[in-house]
Protein chains: 2
Amino acid sequence: MATKIFIIEDEPSIIKLVQHNLEKEGFIVSSSLNGNEGLKELKKFQPHLLLLDWMLPDLSGIDICKSIRRESNLKNLPIIMLTAKGESEDKIKGLNSGADDYITKPFSFNEVLARINALLRRSEPNTVADNLEYEDLKLDRIEKRVYRGEKHIDLGPTEFRLLEFFLVNPKRVYTRDQILENVWPNNINVESRTIDVHIRRLRQAINIGGKKELIRTVRSSGYSLI
Amino acid sequence: MATKIFIIEDEPSIIKLVQHNLEKEGFIVSSSLNGNEGLKELKKFQPHLLLLDWMLPDLSGIDICKSIRRESNLKNLPIIMLTAKGESEDKIKGLNSGADDYITKPFSFNEVLARINALLRRSEPNTVADNLEYEDLKLDRIEKRVYRGEKHIDLGPTEFRLLEFFLVNPKRVYTRDQILENVWPNNINVESRTIDVHIRRLRQAINIGGKKELIRTVRSSGYSLI
DNA sequence: TAAGTATGTTACAGTTTTGTTAAAAATTAA
DNA sequence: TTAATTTTTAACAAAACTGTAACATACTTA
């Protein structure tokens, strides 16, 4: 899924510059020229990251930031503050109000891009890389395909998500609860044993032609990708 | 557990300033004055965050950054670059090498603190390896694996918890009651002799190939990890 | 030294956890 | 709609782990 970015900034020239370039980079971008309206649209748009100007005609960036951090479903939204204020005091105020990063004007687009990527990499590993690899296993998120070496592997949707999840942190052991939470759609209730069945199917699919087993069972803990 | 921060920076005055103030904030801080040594100590110290200088006498901060991102158990270590280079180009290079944030000198301590907190807030708890080591014994809590030297050791769940418990305070002697209380699930009742059997199993597992005995019996008291 | 106490070792039965299969239920595609 | 695919559950099999008892060995002390 493409990454969505929302911009709240009152200077049209900046919006134009940033929005255009971000779209060229493959992001889906939406923006607003003022605070109150921006806050509303933001909730509809559900972005993966917010670029937020400090000085706005109505609400201040700080207020927006605080307001966002109070909303339970936006609590973790990565926020980059965008502002002319370069004083150290201001940076601290900005960061403490809940922003994750802070860029002072004037800035180059490349700096914005680098910080966006750094922040996205941190906040949600799966929004960045298009494909994941481990040993001779390759998963392409765009094509939704999996390969073991040269061989193409057909996976059902759940097995695909399961493998995708494991590939983000290979070697790490996950409990069944963690797997459920991350691989299954929210608020769904399935038996934890259901996972075992999907693990089995995934194993069967990726262990082709006598190749090495790639999923490790850790008794009383869970599973890991080797 | 307190948050551990590691600093690699060649200017003693900066180390002193930052380290002292961070400790006042309740962090556990360790530091190194150069790259190669720092990288080694870092792996032992297992910090939750790294403050990394760009310009170092031997390795550059960029190289250290890249090297860290290649280590599977340090992949998610939050890194803040600390440097005199303020040019936009450099920032991009720094962030793209895998750093999560970037502070230019001169900085105020409060700005460093604000950025540290912003980054820690963002980073997923538990992604940083809380590994335990003693002599050539290594226990990885994330991967749930144990190594003696290079050799991988397979342990059952109880033996794993037992070793984990001993590794927190090596050399300390624990009574069977203390072991029961800390290693066994609450409200379970097992004979104290059961511990002896698990100790034996653990011993057998970790004393591979004529290596030195690591568990000491203290008659009429209990056991300790040497 | 011998008796008494503490620990080492082993085997095994019972328990828990995981693997595997098949069929019912749900979802998606035609 | 029906057909095809996918997901979930349940049931049983297999494997791994646990606790205990029983005996062996080592240490302590009278």
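Which polar side-chain atom lies 2.9 Å from a phosphate oxygen of DNA strand D? The atom belongs to Thr194(A), and the legends below place this pair among its surroundings.

This is a predicted model, in which local features need pLDDT of at least 70, side-chain atom pairs count only at pLDDT 80 or more, and totals for chains, interfaces and linings use all residues. Residues are numbered from 1 along each chain as its sequence is written, chains are lettered from A and ligands numbered from 1 in the order in which they are written, and side-chain values use heavy atoms, with hydrogens and water left out.

**Figure 1. Overview of chain A.** The secondary structure of chain A consists of 8 helices and 11 strands; helices (H or I, at least four residues) and strands (E, at least two) are DSSP runs, numbered from the N terminus. The C-alpha trace of chain A spans about 65 × 35 × 30 Å along its principal axes. Chain A has 226 residues, of which 51% count as buried. Buried means under 20% relative accessible area, exposed over 50%, and partly exposed in between, with a 1.4 Å probe and protein chains only. Among contacts in chain A with a separation of 6 or more, 55% join residues 24 or more positions apart; contact means heavy atoms within 4.5 Å.

**Figure 2. Protein surface near DNA strand D.** DNA strand D is surrounded by 23 residues, the closest being Thr158(A), Arg201(A), Arg219(A), Thr158(B) and Arg201(B). A residue is near a molecule or strand if one of its heavy atoms lies within 4 Å of it. Helices H6 (157–168) and H8 (193–206) of chain A, with H6 and H8 (193–206) of chain B, each supply at least two residues of this surface. By class the surface has 8 nonpolar, 7 polar and 8 charged residues. Ala, Val, Leu, Ile, Met, Phe, Trp, Tyr, Cys and Pro count as nonpolar, Asp, Glu, Lys and Arg as charged, and the others, Gly among them, as polar. Of the atoms of DNA strand D within 4 Å of the protein, 67% belong to sugar or phosphate and the rest to bases.

Figure 3. A backbone N or O atom of Glu191(A) is 2.8 Å from a phosphate oxygen of DNA strand D. On chain B, an N or O atom in the side chain of Glu159(B) is 3.5 Å from a phosphate oxygen of DNA strand D.

Figure 4. Thr158(B) is in helix H6 (residues 157–168) of chain B and counts as buried because its relative accessibility is 16%. Leaving aside neighbours within four places in sequence, Thr158(B) is in contact with Val183(B), Trp184(B) and His198(B). The axes of H6(B) and H8(B) come within 10 Å and cross at roughly 85°. Axes are lines fitted to C-alpha atoms, for helices over the stretch in contact, and angles run from 0 to 180 degrees between N-to-C directions. The two helices are therefore roughly perpendicular to each other, the term for angles of 65 to 115 degrees. H6(B) brings Thr158(B), Glu159(B), Leu162(B), Leu163(B) and Phe166(B) to the contact, and H8(B) brings His198(B), Ile199(B), Arg201(B) and Leu202(B). By class this contact has 5 nonpolar, 2 polar and 2 charged residues.

**Figure 5. Protein surface near DNA strand C.** Of the 23 residues around DNA strand C, Arg200(A), Tyr223(A), Arg200(B), Thr217(B) and Tyr223(B) come nearest. Sugar and phosphate make up 56% of the atoms of DNA strand C that come within 4 Å of the protein. A phosphate oxygen of DNA strand C lies 2.9 Å from a polar side-chain atom of Arg203(A), and one lies 2.8 Å from a backbone N or O atom of Ser220(A). H8(B) gives the most to this surface, with 6 residues. The surface divides into 6 nonpolar, 4 polar and 13 charged residues.

Methods:
Polar contact = N/O pair within 3.5 Å; in protein donor to acceptor, adjacent residues only side chain to side chain. Parallel < 35°, antiparallel > 145°, perpendicular 65-115°, else oblique.
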